[in-house]
Amino acid sequence: MSKKIFLCTLILTLSFSLDTHSALSEVQGCNLKKGTSMDDAIAFSKEVNEIQDGDGYNEKRFGQLFMMPVIEQTEASEFDFYYLNFWGSYQIYGNDMSEWADQGKGDDFMKKLGQMMNCRSLNLFDTVVTREYPGD
């Protein structure tokens, strides 16, 4: 009986691991500067899409979410919101960072962003995707 359980567990584990892949996610904590609202920040984030969807930007596989605290288990957050940036693999992340930072394609955006808010990277996560978001 234990051999059957072991075999079933092994098969499930192998099938599960075949459907997963490693990705990379970054969490940044951000505070809005005086005179800037969340609506301003969300509207400004559309510029990231314009840059990364533009003809001169090669690595278009980048995702970003704004996360505003609603309920927290401990004391209130020290941040107004969090950025969650994500890439489908380490290769995509490297491609994106090369264009964004090394080639300077994000420089103007980052200067404008700094006028609206202060952000700092909190964590980078190795993310194992176990289910793709199916879209709307």
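Start with the largest pocket: select its 19 lining residues, of which A23, F86, G88, V129 and E132 lie nearest the centre. A pocket here is an open set of points on a 1 Å grid over the protein atoms alone, where a 1.4 Å probe fits, with protein on both sides within 12 Å along at least five of seven lines; a lining residue has an atom within 4 Å of a point. Now colour β1 (21–32), β2 (63–67), β3 (81–87) and β4 (117–129), the elements that each give two or more residues to this lining. Helices (H or I, at least four residues) and strands (E, at least two) are DSSP runs, numbered from the N terminus. β1 gives the most, with 4 residues. The space comes to about 350 Å³, where a volume is what probe spheres set on the points fill, with points joined across faces, edges and corners. By class, the lining splits into 10 nonpolar, 6 polar and 3 charged residues. In that scheme Ala, Val, Leu, Ile, Met, Phe, Trp, Tyr, Cys and Pro are nonpolar, Asp, Glu, Lys and Arg are charged, and the others, Gly among them, are polar.

Before going further, some ground rules. This is a predicted model, so local features need pLDDT of at least 70 and side-chain atom pairs count only at pLDDT 80 or more, while totals for chains, interfaces and linings use all residues. Residues are numbered from 1 along each chain as its sequence is written, and side-chain values use heavy atoms, with hydrogens and water left out.

Next, colour by pLDDT, the predictor's confidence in each residue from 0 to 100. The chain has a mean of 83, and 85% of its residues reach 70 or more. Helix α1 (residues 2–18) has the lowest confidence, at a mean of 42, and α4 the highest, at 95. Select residues 3–18: pLDDT stays under 50 there, and the model has 1 contact for them beyond four places in sequence (contact means heavy atoms within 4.5 Å).

On to the second largest pocket, which holds about 270 Å³ of space. It has 17 lining residues, and the closest to its centre are E26, Q28, N85, M97 and W100. β1, α2 (38–52), β3, α3 (90–102) and α4 (107–116) each supply at least two lining residues, with α3 giving the most, 4 residues. Its lining has 11 nonpolar, 4 polar and 2 charged residues.

Stay with α2 and pick S45, which is found in that helix. Is S45 buried or exposed? At 15% relative accessibility, S45 counts as buried (buried is under 20% relative accessible area, exposed over 50%, partly exposed in between, with a 1.4 Å probe and protein chains only). Leaving aside neighbours within four places in sequence, S45 touches Q64 and F66.

Last stop: the 4 salt bridges, each a side-chain nitrogen of Lys or Arg within 4 Å of a carboxyl oxygen of Asp or Glu. Show K112 and E47, whose closest N and O atoms are 3.5 Å apart. K112 lies in helix α4 and E47 in helix α2, so the pair ties together parts 65 residues apart in sequence. K112 is partly exposed at 39%, and E47 is partly exposed at 26%.

Then try R120 and E78, with N and O atoms 3.2 Å apart at the closest. This pair links strand β4 to the loop between β2 and β3, 42 residues apart. R120 is partly exposed at 43%, whereas E78 is exposed at 57%.

Finish on E59 and R61, at 2.8 Å between the closest N and O atoms; E59 is buried, with 5% relative accessibility.
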